[in-house]
Amino acid sequence: MAKKTINKNNPVISQIVIRPPQRKSSDVGQWRTALQSADMGRVKLLFDLYEDLLIDGVLADAVDKRISAVTNSEITFQDENGQEVDEISELIDSPAFEDLLTTIMQSRFWGRSAGEFDFSSGFNFTQIPFKHVKLENHNILINEYDDKGIDYLTDDNILVLGKPRQFGLFLKTAPLCIWKRGGFGDYAQWLEIFGMPQRVGKYSSYDPNSRRLLEQAMQQAGSAPWIVIPKESDVETVNNTGTGSSSNAHNEFRRACNEEMLITILGQTMTTLDGSSKSQSETHKEVEEGKNKSDIRFCRRVLNHMVVPLLEKRGMSVRGGKFVFPS
């Protein structure tokens, strides 16, 4: 297939060839292989894995908590005299500005993020897919498998965040998500085999017709597991008497994976999972709020040092002013 011709006069986002991620069963070995590929500058495999693992509800909710803490803040823009600027207040209240804040925050989880501003009809901002951002040579890739694309350093409509060989918090949560997904599969198999009463049908080994009739009866009698054996046979199930002998082991493993993911993203667990006491929950909430304050400072610095100069170039009334978040 011929490569798409790059036109530097057109918006970058309109030139990118966006393909769906490769979704497949994953294991920790594939995560490590994807990481090794990303270390060499090819992030497609790793970021496809991230996108697939974000199906996990606990992980997705924890990420949304951190992003929402920023997007729900009462942000204002104040001029050098401390007065709000109406033009920028309208911009802040737009969906595009929320997309901008979300893109800035996502660099925390993916290790990079990028988006393109468009001022042709008001204020618009469109996120660029993560795997199309190649930090090593400062390029936006047209195709996800390319090595070179459009140099974003020469385009002041493009905002890019991140550093090479930093792959965000999702790098730490990926193996936990994979283990949890595999653990659920093992749990389902355990329930299928041991979670329902098993029916045992016995037939005389000297009467083959009775076996056929017994199998037919078992099939028509419901979905519970069953086996058909000769009367002269003996079937015995030997239970594991250790700590992994019941479904509790599967549930504890699931909880452990969830707790580790929440600690990685939120720094604590009790604002999402059940807390053991009010005092401990309050302590955990303080930890989460500390993360939120760090995120707000990060977003404020990006807005004031990278976005304000861009808005000033477009003739907006931002000279000497700054974005202010509530303390």
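Predicted model: local features only at pLDDT ≥ 70, side-chain atom pairs only at ≥ 80, totals over all residues.
The chain has 10 helices and 10 strands, and 38% of its 327 residues are buried.

**The chain as a whole**

- If we take the contacts between residues at least 6 apart in sequence, 68% of them join residues at least 24 apart.

**Helix 2 with helix 3**

- Helix 2 covers residues 28–39 and helix 3 covers residues 44–53.
- Their axes are 7 Å apart and pack at an angle of about 135°.
- From helix 2, the residues in the contact are Trp-31, Ala-34, Leu-35, Ser-37 and Ala-38; they meet Leu-45, Leu-46 and Leu-49 of helix 3.
- Sorted by class, this contact holds seven nonpolar residues, one polar residue and no charged residues.

**Helix 4 with helix 6**

- Helix 4 spans residues 57–71, helix 6 spans residues 95–110, and their axes come within 10 Å.
- The two axes cross at roughly 135°, so helix 4 and helix 6 are oblique to each other.
- The crossing of helix 4 and helix 6 is right-handed.
- On the helix 4 side you will find Val-63, Arg-66, Ile-67, Val-70 and Thr-71.
- Facing them in helix 6 are Glu-98, Leu-101, Thr-102, Met-105, Gln-106, Arg-108 and Phe-109.
- The residues of this contact divide into six nonpolar, three polar and three charged.

**Around Asp-79**

- Asp-79 sits in the loop that runs between strand 1 (76–78) and helix 5 (86–92).
- The relative accessible area of Asp-79 is 25%; since buried means under 20% and exposed means over 50%, Asp-79 is partly exposed.
- A polar atom of the Asp-79 side chain lies 2.9 Å from the backbone nitrogen of Asn-81.
- Beyond its neighbours within four places in sequence, Asp-79 is in contact with Val-85, Gly-320 and Gly-321.
- Asp-79 and Phe-323 are 244 residues apart along the chain, and their C-alpha atoms are separated by 8.9 Å.

Definitions and conventions:
Residues numbered from 1 in each chain as written. Heavy atoms only, no water. Helix = DSSP H or I, 4+ residues; strand = E, 2+ residues; numbered from the N terminus. Buried < 20%, exposed > 50% of the residue type's maximum accessible area, 1.4 Å probe, protein only. Contact = heavy atoms within 4.5 Å. Polar contact = N/O pair within 3.5 Å; in protein donor to acceptor, adjacent residues only side chain to side chain. Axes fitted to C-alpha atoms, helices over the stretch in contact; angles between N-to-C directions. Parallel < 35°, antiparallel > 145°, perpendicular 65-115°, else oblique. Left-handed = near helix turned anticlockwise from the far one by under 90°. Nonpolar A, V, L, I, M, F, W, Y, C, P; charged D, E, K, R; others polar.
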